[in-house]
Amino acid sequence: MAAKVSVIIPTYNRAHTLERALGSVLNQTFTDWQLIIVDDGSTDNTQELIQSISDPRIETIFTENRGVSYARNKGIERSTSPWLAFLDSDDEWLSHKLSVQVELAENNPELQIIHGDEIWIRHGVRVNPMNKHQKRGGDIFRDAIQLCCISPSTVMLKKTLIEQFGLFREDYPVCEDYDLWLKITAHYPVGYIKDPLIKKYGGHSDQLSLKLKAMDYWRILSLKSLLEKESLDPERKSWVKESIKERSEILLNGYRKHQNLENFDEIFRIKESL
């Protein structure tokens, strides 16, 4: 019989944090899970670490280095559970994470996606998120337009949502989660647990968000795709168009300054097409 939740951990050269992440899954008070570790071509001692852990609920996929979206998608394809949960290999679940989400799902069968709050750790020190990062539940589509308002490491969602909206976009170097949450929240309410579910660690040099500063480029592409492919009511369409216009103007000013003509032309055409 399949486990209730398939947990997917993508990892690349993070053996130094992966052990903590794995331990946080093994320490869950809810135990009906399947764990799929996707090693995205690591060259450190990740394989040795994984092989040192013996648990029949754990399986591993080894791939060439093709990015976090590819790794997550391989885990999704291998999963056998009705619910999916993700854990970035540099984050840590609190021990009650799955149990409170499963309980909320069982008591609210209409919910298909559930997330929760998080504790932020930067350079080893706890910090308070800004107001714009405040999490909530219900109809959060407008929030999802503004920024990535669901942390992958906090989410638990039905696998049928992936079947409906598709896998993580592998052609996006960043904002692949923003893209998926947009599609889902455009149509479904989100369950929310106000208590922290994870410790989210940041500030380290290999974070993609630190390497790619112009993430609004990818957000604009996601918003444009949403307009073209999803059925949105007039109000939601207006929110999306407004965001594209605002983000485009900021990007275009930056492109003018740095003479980035290739991306300038593309973003200009998107803005003018609205």
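1. Contact here means heavy atoms within 4.5 Å. The model is predicted. With that cut-off, Leu-157 touches Pro-82, Trp-83, Leu-84, Phe-86, Gln-112, Ile-113, Ile-162 and Ile-184, leaving aside residues up to four places away in sequence.

2. Leu-157 also stands out in the largest nonpolar core. That core has 48 residues, and Ile-113 and Leu-157 touch the most other members. Helix α9 supplies its largest share, seven residues. Another core, of 28 residues, lies apart from it; Ile-9, Leu-35, Ala-105 and Ile-193 are among its members. As background, nonpolar side chains tend to be buried together in soluble globular proteins.

3. Ile-150 deserves a look next. It sits in the loop between α5 (141-146) and β8 (156-158). Is Ile-150 buried or exposed? Its relative accessibility is 1%, so Ile-150 counts as buried, the cut-off being under 20%. Ile-150 touches Ile-113, His-115, Lys-135, Ile-140, Val-155, Trp-181, Thr-185 and Val-190, again not counting residues up to four places away in sequence.

4. Now the helix pair α9 and α10. Helix α9 spans residues 215-229 and helix α10 residues 234-258. They pack at an angle of about 150°, and their axes are 9 Å apart. That angle is over 145 degrees, so α9 runs roughly antiparallel to α10. The crossing of α9 past α10 is left-handed.

5. Which residues of α9 and α10 meet? From α9 come Asp-216, Tyr-217, Arg-219, Ile-220, Leu-223, Lys-224, Leu-226 and Leu-227. From α10 come Lys-237, Val-240, Lys-241, Ser-243, Ile-244, Arg-247, Ser-248, Leu-251 and Tyr-255. By type, this contact holds nine nonpolar, two polar and six charged residues.

6. Helix α10 also carries Trp-239. Its relative accessible area is 15%, so Trp-239 is buried. Which residues does Trp-239 touch, not counting those up to four places away in sequence? They are Phe-141, Arg-142 and Ile-145. Phe-141 falls within the range given for α5, 141-146. Trp-239 and Gln-146 are 93 residues apart along the chain, yet their C-alpha atoms are separated by 9.6 Å.

Notes. Residues numbered from 1 in each chain as written. Predicted model: local features only at pLDDT ≥ 70, side-chain atom pairs only at ≥ 80, totals over all residues. Heavy atoms only, no water. Axes fitted to C-alpha atoms, helices over the stretch in contact; angles between N-to-C directions. Helix = DSSP H or I, 4+ residues; strand = E, 2+ residues; numbered from the N terminus. Parallel < 35°, antiparallel > 145°, perpendicular 65-115°, else oblique. Left-handed = near helix turned anticlockwise from the far one by under 90°. Nonpolar A, V, L, I, M, F, W, Y, C, P; charged D, E, K, R; others polar. Core = buried A, V, L, I, M, F, W, Y, C linked by side-chain atoms within 4.5 Å. Buried < 20%, exposed > 50% of the residue type's maximum accessible area, 1.4 Å probe, protein only.
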